[in-house]
Amino acid sequence: MAIQDDQMKLDIAHVWDISSETYDDKEGHGIHSEIEREAWKNLFRSLLPPGRLEVLDVGCGTGEVGLLFAELGHHVTGLDLSEKMLAKAREKTSGKKYDITFRAGDAEDPPFETGTFDVVVTRHLLWTLPHPDTAVRNWKKVLREGGVLIVIDGLYNGGLIERKTRQFISDFLTLLVERRYPGRRQYPDEIKNELPNPNGVPPKKTIEYFRKAGFKNVKDLDLREIARIQKEKMSFRKRIVFKPQSHLIYGDKVSKKP
Ligand SMILES: C[S@@+](CC[C@H](N)C(=O)[O-])C[C@H]1O[C@@H](n2cnc3c(N)ncnc32)[C@H](O)[C@@H]1O
């Protein structure tokens, strides 16, 4: 039987509530070096329109990406379903002078007026949405004309034999070296079966969502340099099985006026 949308989102929030305690420990989640922070900021800077911008970080989690935009001097709103992820994000930014606020809400239907933001950014969220196409359309709505959408996602799990083999080797080495089984955050089948991209979103598909929603100048940007920096911080057993998978897809909401 299909799980109801509202129940599914509660279940998804619960998974991330549990994950919140250790989420930032993993490379690719938490940003673990100044060099990586600078690399992300340089990349974002190169994509943004001039001036002080209103930024929405959808599915913000512990706030890592939103914080980069705040450090660049922009006003940031982080939106997430998981109260515990939001608590981590608030804890991280409290007492600092950044212009950043966090609130609970559904990324598929962001609770903001049309044309509120100059930038909508999201990392590692699209794959976990039951209606990614609707989400991308709604992100376009909350953007101002001339605003930009930045989506970072990729094809992460399962599928190809090569990827499964890498995962197996990594788990085996963790077991051998750390004497523990790497408990992987897994959605139960009732959730997975309702997600169109439970193993991650191939860049081509993200581009298709952008085009269908009417974004222009859609680009697929290289994140290999950031992956290289992340790899330097990894332990040997992680490094040998690491394969960069994330892409950054960018699109403009171009003015309807001639
Ligand atoms: C893999 S984490 C990514 C967090 C953060 N964007 C990052 O890059 O570190 C996915 C996040 O999306 C949130 N999430 C999942 N579905 C959501 C939805 N429908 N609306 C808002 N947040 C959602 C989860 O609670 C979780 O914090």
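Which residues does Leu-149 touch, not counting residues up to four places away in sequence? I began my notes there and found Val-120, Trp-139, Lys-140, Leu-143, Phe-210, Phe-215 and Gly-251. For contact, I asked that two C-beta atoms, placed from the backbone, lie within 7 Å.

A reminder to myself: this is a predicted model, where local features need pLDDT of at least 70, side-chain atom pairs count only at pLDDT 80 or more, and totals for chains, interfaces and linings use all residues. I number residues from 1 along each chain as its sequence is written.

Next I looked up the overall make-up. I found 10 helices and seven strands, taken as DSSP runs (H or I, at least four residues; E, at least two) numbered from the N terminus. Of the 258 residues, 32% count as buried, that is, with 20 or more other C-beta atoms within 10 Å of their own.

Last, I checked a helix pair. The axes of H2 (residues 34-47) and H9 (residues 224-232), lines fitted to C-alpha atoms over the stretch in contact, come within 9 Å and cross at roughly 170°. H2 and H9 are therefore roughly antiparallel, the word I use for angles over 145 degrees. On the H2 side I noted Ile-35, Glu-36, Ala-39 and Trp-40, and on the H9 side Glu-225, Ile-226, Ile-229 and Gln-230.

Conventions:
Axes fitted to C-alpha atoms, helices over the stretch in contact; angles between N-to-C directions. Parallel < 35°, antiparallel > 145°, perpendicular 65-115°, else oblique. Buried ≥ 20, exposed ≤ 12 C-beta atoms within 10 Å, placed from the backbone.
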